[in-house]
Amino acid sequence: MAVPVVRKQFHLLTDDDLSPEQAVALIDFAAQLKAQHRAGEPHHHLLRGKTLAMIFQKPSTRTRVAFEAGMAQLGGHALYLSTNDLQLGRGETIADTARVLSRYVDAIMARVFRHIDVVELATHATVPVINGLSDLAHPTQGLADMLTIKERFGGWSGRVLAYLGCANNMAHSLALSGALVGLSVRIATPPSCRPDPEIVERARTIGARTGATIELLSDPFEAVRDVDIVYTDVWVSMGQNVPEETLRELEAYRVTPALMAVAAPHAIFMHCLPMFRGQEVTAEVADGPQSVIYDQAENRLHLHKALLVELLSDAGPGVLR
């Protein structure tokens, strides 16, 4: 009789739940799946019979479609569950939801307002839990962005990314993911919306091992000088309240052609989407030749697929087992 595979339970709640070696292996596997997909090589056998529950406290385009399409391409099935579809909307506890869903599905992805909610899901689930976005981190986006950067530059060593705007979940994930792969990150923000000090310290600790540096700045032009990547995000995330004074301060961090001109000549512009053209970035930059925003969006699909295969089968590189 075959001996069943016993796995150590793994949850991806923040980017640094991965080690540097695991992050690089996962990104390389995503690149492999992307190449197969573009070559028309089917891989629907990889997750045949597997089911992913997708909990959405807040709506999404890229997160939902990338996970749902990814599961379909891998031969599995994804269930979209808004709070209106679950008893969570009527007061059932997160713990009970996690325990029940674990009896039905093979993994849970949750897009939540509060990071503590996805932590509680993982605490009580007996299947892998993936953070599809929380107020603290957006690890699937951060890791997918590292794939996009590697495609453009061949690697991360010696490269620098500048993030401009309010230090939100995306800034945190870029710092952590960048540190994992050896990409240096500069975060330029007004004093009123600096990144979480604990996240910065965690990223710097990882960077000490991988060669990445994490810098905090106030001057946007100083931050982008000679960098390889300029990155921004919306100034106000869904469900977030930002004081008018902070919004006025953020005007100086708008990504414009003048700001891009200070970056390296080969620099690319990145944004996780959705965006407000004219607010955090001008249309000239967002839709210009340096923009890779749609490559980023596509790579969510391939990173999600790599993560799901690695978590739910023996067909991946095996670094999470």
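**View 1. Thr140 and the residues around it in helix H5.** In this predicted model, Thr140 touches Leu12, Phe67, Ile130, Asn131, Arg300, Leu303, His304 and Leu307, leaving aside residues up to four places away in sequence, where contact means heavy atoms within 4.5 Å. Thr140 lies in helix H5, residues 139-153; helices (H or I, at least four residues) and strands (E, at least two) are DSSP runs, numbered from the N terminus. With a relative accessible area of 0%, Thr140 is buried, a word that stands for under 20% relative accessible area, while exposed stands for over 50% and partly exposed for values in between (1.4 Å probe, protein chains only). The model is a prediction in which local features need pLDDT of at least 70 and side-chain atom pairs count only at pLDDT 80 or more, whereas totals for chains, interfaces and linings use all residues. Residues are numbered from 1 along each chain as its sequence is written, and side-chain values use heavy atoms, with hydrogens and water left out.

**View 2. Helix H1 against helix H5.** Two packed helices are described by the angle between their axes and the distance between the axes. The axes of H1 and H5 come within 10 Å and cross at roughly 70°; axes are lines fitted to C-alpha atoms, for helices over the stretch in contact, and angles run from 0 to 180 degrees between N-to-C directions. This makes H1 roughly perpendicular to H5, since angles under 35 degrees count as roughly parallel, over 145 as roughly antiparallel, 65 to 115 as roughly perpendicular and the rest as oblique. From H1 the contact includes Ala23, Leu26 and Ile27, and from H5 it includes Leu143, Met146 and Leu147.

**View 3. Helix H1 against helix H12.** Helix H1 (residues 20-38) also packs with helix H12 (residues 293-312), at an angle of about 115° and with the axes 8 Å apart. H1 is therefore roughly perpendicular to H12, and the crossing of H1 and H12 is right-handed. Among the residues in contact are Phe29, Leu33 and His37 of H1, and His302, Leu303 and Val309 of H12.

View 4. Rings of Phe, Tyr and Trp (its six-membered ring) pair if their centres lie within 6.5 Å, and planes under 30 degrees apart count as stacked, over 60 as edge-to-face and the rest as tilted. The count comes to 2 aromatic pairs, and one of them is the tilted pair of Tyr163 and Tyr231, at 6.2 Å centre to centre and 35° between the planes. This pair links distant parts of the chain, with Tyr163 in strand S5 (residues 160-164) and Tyr231 in strand S8 (residues 229-232), 68 residues apart. Tyr163 counts as buried at 1% relative accessibility, and Tyr231 counts as buried at 0%. Elsewhere, the charged end of Arg64 sits over the ring of Tyr80, 3.9 Å from its centre (the rule asks for NZ of Lys or CZ of Arg within 6 Å of the ring centre and within 35 degrees of the ring normal).

**View 5. Backbone details in two loops.** Most residues other than glycine have a negative phi, and most peptide bonds are trans. Leu273, in the loop between S9 and H11, has a positive phi of about 65° although it is not a glycine, and the peptide bond from Leu273 to Pro274 is cis, with omega near 0°. Asp226 also has a positive phi of about 65°, and Asp226 is found in the loop between helix H8 (220-224) and S8. Leu273 is buried, with a relative accessible area of 15%, whereas Asp226 counts as exposed at 57% relative accessibility.

Terms used
Left-handed = near helix turned anticlockwise from the far one by under 90°.
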